[in-house]
Amino acid sequence: LVKMYLNGDFGSRPEDVNAYAASTFFAVDRFASYKTIWKQFYDDGGIIISDRYTMSNMIHQASKIKDNSEKQAFLEWLWDMEFVKLGIPVPNCVIFLDMPPKYAQILMKERNNKITGLKEKDIHEKDTQFLIDSYNNACSIATAYNWNRVSCIENDRIRDIEAIHEDIYTIILKALN
């Protein structure tokens with residue numbers, strides 16, 4: 001369902017699938033990987049680092065909702081569905097890599113799609129306004145949920161990977177102690 005959604009099988013624009021339906025696709029996919037791949041490792045004390053998790057739904061899907069009270073209701077619903085009803089673990093550390101869309105698009109141009117492996121971009125990546133709305137929503141949510149924030153831009157340039165890595169590493173070390 002995630003691949004179908006991102007490939008545009010349900011509509012060519014992110015808004016063609018409402019936030020609740022799209023979030024459900026990702027949540028069920030997350031639940032399946034948790035139960036079949038990493039649950040035992042996690043239960044045995046393993047540390048899981050994920051580049052996509054519930055927070056991604058909070059950012060991308062909630063950006064489709066313009067009314068603030070409706071958005072808050074959605075965020076509460078999402079938290080309950082994933083962490084309570086589905087029972088996936090609540091992260092103890094969230095790091096928001098603060099990369100404004102104009103810089104992210106430069107990086108996306110150079111890489112293949114994560115889902116298909118091809119140069120063709122998914123419906124999120126193709127939609128500049130959706131990326132901007134998602135970024136603005138991410139900034140707001142990161143503040144509201146007190147996420148750790150790593151700026152990926154310095155002096156109007158993308159920071160070196162090593163510098164970003166060091167910031168992330170410092171945050172993770174602090175979270176582990």
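Author: pLDDT is the predictor's confidence in each residue, from 0 to 100. This is a predicted model, and the protein averages a pLDDT of 90, with 90% of the residues scoring at least 70.

Reader: Why are H2 and H4 called roughly parallel?

Author: Helix H2 (residues 19-43) packs against H4 at an angle of about 20°, their axes 11 Å apart. Angles under 35 degrees count as roughly parallel, and therefore H2 and H4 get that label. As for handedness, H2 and H4 make a right-handed crossing.

Reader: Which residues make the contact?

Author: From H2 come Ala19, Tyr20, Ser23, Thr24, Ala27 and Arg30; from H4 come Glu70, Ala73, Phe74, Trp77, Leu78, Met81 and Glu82.

Reader: What makes up the contact of H2 with H4, by class?

Author: Sorted that way, the contact has eight nonpolar, two polar and three charged residues.

Reader: How many aromatic pairs does the structure hold?

Author: There are 14 aromatic pairs in the structure. One of them is Tyr5 with Phe26.

Reader: How do you know that the rings of Tyr5 and Phe26 pair, and what is the pair called?

Author: Their ring centres are 6.0 Å apart, and the cut-off for a pair is within 6.5 Å. Planes over 60 degrees apart count as edge-to-face; those of Tyr5 and Phe26 stand at 90°, so edge-to-face it is.

Reader: What makes this pair a link between distant parts of the chain?

Author: Tyr5 sits in helix H1 (residues 2-7) and Phe26 in helix H2, 21 residues apart.

Key:
Residues numbered from 1 in each chain as written. Predicted model: local features only at pLDDT ≥ 70, side-chain atom pairs only at ≥ 80, totals over all residues. Heavy atoms only, no water. Axes fitted to C-alpha atoms, helices over the stretch in contact; angles between N-to-C directions. Helix = DSSP H or I, 4+ residues; strand = E, 2+ residues; numbered from the N terminus. Parallel < 35°, antiparallel > 145°, perpendicular 65-115°, else oblique. Left-handed = near helix turned anticlockwise from the far one by under 90°. Contact = heavy atoms within 4.5 Å. Nonpolar A, V, L, I, M, F, W, Y, C, P; charged D, E, K, R; others polar. Phe/Tyr/Trp six-rings, centres within 6.5 Å; stacked < 30°, edge-to-face > 60°.
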